[in-house]
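Take the model below and walk through its pockets, then its aromatic rings. Keep the cut-offs at hand as you read.

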Amino acid sequence: MLLWAGELEQARVPLERMLQSATERGDPWLLMHALAYLSPLETGLGFPARGLTLAGRYLELAVDAGQRAGALWPTAVAAGWLGRVDEATAAAREGLELAERTGHGLFLIGNLTALGAAELSAGRHEAAAGALLRARELAARGGVRSVARFPMLANGVEALAATGELQRAAALAAELDDVADALGRPWVLALTARCAGLIADARAKPAAALAAFERALTEHGRQDRPLERARTLLAYGSALRRQSRKRGAREALEPALAIFEAAGATRWAERTRTELG
């Protein structure tokens with residue numbers, strides 16, 4: 001429940017106990033589920049290499065098609081963050097095919113979300129938006145609202161803003177605002193503020209954009225998710241750079257680059273280096 005609610009820091013201890021218990025008992029079913037939960041936790045806390053390793057162990061245990069679709073989802077998420085976009089998209093597409101065949105709705109949404117995130121990291125915004133909007137439609141139909149497990153709204157806003165579909169971006173941002181209001185937690189409030197900044201920036205409202213990014217960074221400071229903070233710093237630095245505020249841009253982009261490089265997020269690091277250049 002903590003994982004689905006986005007409270008990754010609190011979720012770690014019970015999930016690690018679950019993994020220890022599964023290992024001591026030699027229970028492959030329990031072990032598979034512990035790995036399934038710990039992989040996205042590690043990735044979400046800024047350690048995608050650990051997340052990919054755990055997802056690989058999960059994949060080894062997933063013998064039936066339905067569970068394989070579940071294991072391919074965190075594999076694709078972690079590989080996408082690590083810049084292994086071909087690997088991520090291949091895993092997500094295989095997971096989609098299996099989930100559609102076996103009828104596992106959550107795994108279908110998860111693999112679509114992972115596919116959209118990988119495409120976004122590669123700068124393929126139209127493809128990202130297509131996958132994320134389909135995930136959002138399926139999630140809405142099924143009553144699934146966890147933006148922690150399925151970050152289709154925040155990523156969808158970024159993809160749509162980049163393609164100029166600002167009305168649709170604003171609609172997704174409004175949905176995310178509703179979830180953030182219900183949860184009231186810094187990690188999701190940071191995402192809503194970043195989305196507001198991206199939309200304002202795309203609408204050529206620089207003052208509003210910078211204010212929104214600064215609010216996001218304040219929230220990141222209350223409950224840090226390094227990779228998401230780095231993405232906010234990248235967006236903030238990019239906006240400052242376009243306003244010819246080069247010193248401020250550098251002060252935002254350099255720590256973003258350091259975070260991406262430390263995590264092995266190569267595609268995001270490349271984009272940050274381009275902005276610094």
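Helices (H or I, at least four residues) and strands (E, at least two) are DSSP runs, numbered from the N terminus. This is a predicted model, in which local features need pLDDT of at least 70 and side-chain atom pairs count only at pLDDT 80 or more, while totals for chains, interfaces and linings use all residues. Residues are numbered from 1 along each chain as its sequence is written, and side-chain values use heavy atoms, with hydrogens and water left out.

Start with the pockets. On a 1 Å grid over the protein atoms alone, a pocket is an open set of points where a 1.4 Å probe fits, with protein on both sides within 12 Å along at least five of seven lines; lining residues have an atom within 4 Å of a point. Points are joined across faces, edges and corners, and a volume is the space filled by probe spheres set on them.

The largest pocket has a volume of about 860 Å³. It is lined by 46 residues, and P40, V77, A148, R149 and P151 are the closest to its centre. Two or more lining residues come from each of α2 (28-44), α4 (65-81), α6 (105-121), α8, α10 (186-202) and α12 (226-242). By class, the lining holds 27 nonpolar, 14 polar and 5 charged residues. Here Ala, Val, Leu, Ile, Met, Phe, Trp, Tyr, Cys and Pro count as nonpolar, Asp, Glu, Lys and Arg as charged, and the others, Gly among them, as polar.

The second largest pocket has a volume of about 340 Å³. Of its 16 lining residues, E158, L198, A235, R242 and R271 are the closest to the centre. Which element gives the most to this lining? It is α12, with 5 residues. The lining divides into 7 nonpolar, 2 polar and 7 charged residues.

Now the rings. Rings of Phe, Tyr and Trp (its six-membered ring) pair if their centres lie within 6.5 Å; planes under 30 degrees apart count as stacked, over 60 as edge-to-face and the rest as tilted. The count comes to 6 aromatic pairs. W4 and F150 pair edge-to-face, 5.6 Å centre to centre with 70° between the planes. This pair links distant parts of the chain, 146 residues apart: W4 lies in the segment before α1 (8-25), F150 in the loop between α7 (125-142) and α8 (152-163). F260 and W268 are stacked, at 6.0 Å and 25°. Ring pairs also link W4, W73, F107 and F150 into a cluster.
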